[in-house]
Amino acid sequence: TVSRSTVGRGDDGRFSVRVAPRGEGPDWLPSPDSGPFNLTLRCYEPSDALRADPGAAALPHIVREACR
C-alpha cells in the first residue's frame, strides 16, 4: 500500500511509485513475477468536486519502463 503519508514527492509535488516483483521502500508495490495484474486506485474521503464529477479527476499516469 502506498498513501499520501508514505509516498515521497519531488520538488514539483509529483510522486512516483515503482511496481516490480522485487524492491523495497515506501514507493514500491510488489507485483507478480510474470503475467497480468491489476492496479487499483482507491480514493478515501474524496473531495466534493471528485464526488460530483469523478470523470473529471486528474488520474495518475502509468508508464511501463522496463521488464526484466
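Select arginine 51 to begin: this residue is exposed, with a relative accessible area of 52%. The model on the screen is a predicted one.

**Stop 1: helix α1**

Why are they about one helical turn from each other? Because they lie 3 residues apart in helix α1. Aspartate 48 has a relative accessibility of 58%, so it counts as exposed, the cut-off being over 50%.

**Stop 2: the other salt bridges**

How many salt bridges does the structure hold? The count is 3.

Select arginine 22 and aspartate 33 next. Their side chains meet in a salt bridge, with an N to O distance of 2.9 Å. This pair links distant parts of the chain: arginine 22 sits in the loop between β1 and β2, while aspartate 33 sits in the loop between β2 and α1, 11 residues apart. Are these two residues buried or exposed? Arginine 22 is exposed, and aspartate 33 is exposed as well.

Now move to arginine 14 and aspartate 12. A salt bridge joins their side chains, at 3.7 Å from N to O. Both of these residues are exposed.

**Stop 3: the loop between β2 and α1**

Start with serine 31, which lies in the loop between β2 and α1. Is serine 31 buried or exposed? Serine 31 has a relative accessible area of 14%, which means that it is buried, since the cut-off is under 20%. To see what surrounds serine 31, show Val19, Ala20, Pro21 and Phe37: these are its contacts once neighbours within four places in sequence are left aside.

Then go to glutamate 45, which is also placed in the loop between β2 and α1. Its relative accessible area is 79%, so glutamate 45 is exposed. Look at the backbone here as well: glutamate 45 has a positive phi of about 50 degrees, although it is not a glycine.

**Stop 4: the segment before β1**

Select valine 7, found in the segment before β1. With a relative accessibility of 10%, valine 7 counts as buried. Which residues does valine 7 touch, not counting those up to four places away in sequence? They are Val2, Phe15, Ser16, Val17 and Asp27. For a distance to check in the viewer, pick the C-alpha atoms of valine 7 and glycine 23. These atoms are separated by 15 Å, and the two residues are 16 residues apart along the chain.

**Stop 5: the largest pocket**

Finish at the largest pocket, which has a volume of about 2600 Å³. Its lining is made up of 46 residues. To find the centre of the pocket, select Phe15, Val17, Val19, Leu29 and Leu39, the lining residues that lie nearest to it. Phe15 and Val17 are also among the residues that valine 7 touches, and Val19 is one of the contacts of serine 31.

Which elements give two or more residues to the lining of the largest pocket? They are β1, residues 18-20, and β2, residues 28-30. The largest share, 3 residues, comes from β1.

Last, colour the lining of the largest pocket by residue class. The classes divide into 25 nonpolar, 10 polar and 11 charged residues.

Notes:
Residues numbered from 1 in each chain as written. Predicted model: local features only at pLDDT ≥ 70, side-chain atom pairs only at ≥ 80, totals over all residues. Heavy atoms only, no water. 1 Å grid on protein atoms, 1.4 Å probe; cavity = no way out; pocket = protein on both sides within 12 Å on 5 of 7 lines; lining within 4 Å. Points joined across faces, edges and corners; volume = space filled by probe spheres on them. Helix = DSSP H or I, 4+ residues; strand = E, 2+ residues; numbered from the N terminus. Nonpolar A, V, L, I, M, F, W, Y, C, P; charged D, E, K, R; others polar. Buried < 20%, exposed > 50% of the residue type's maximum accessible area, 1.4 Å probe, protein only. Contact = heavy atoms within 4.5 Å. Salt bridge = Lys/Arg side-chain N within 4 Å of Asp/Glu carboxyl O.
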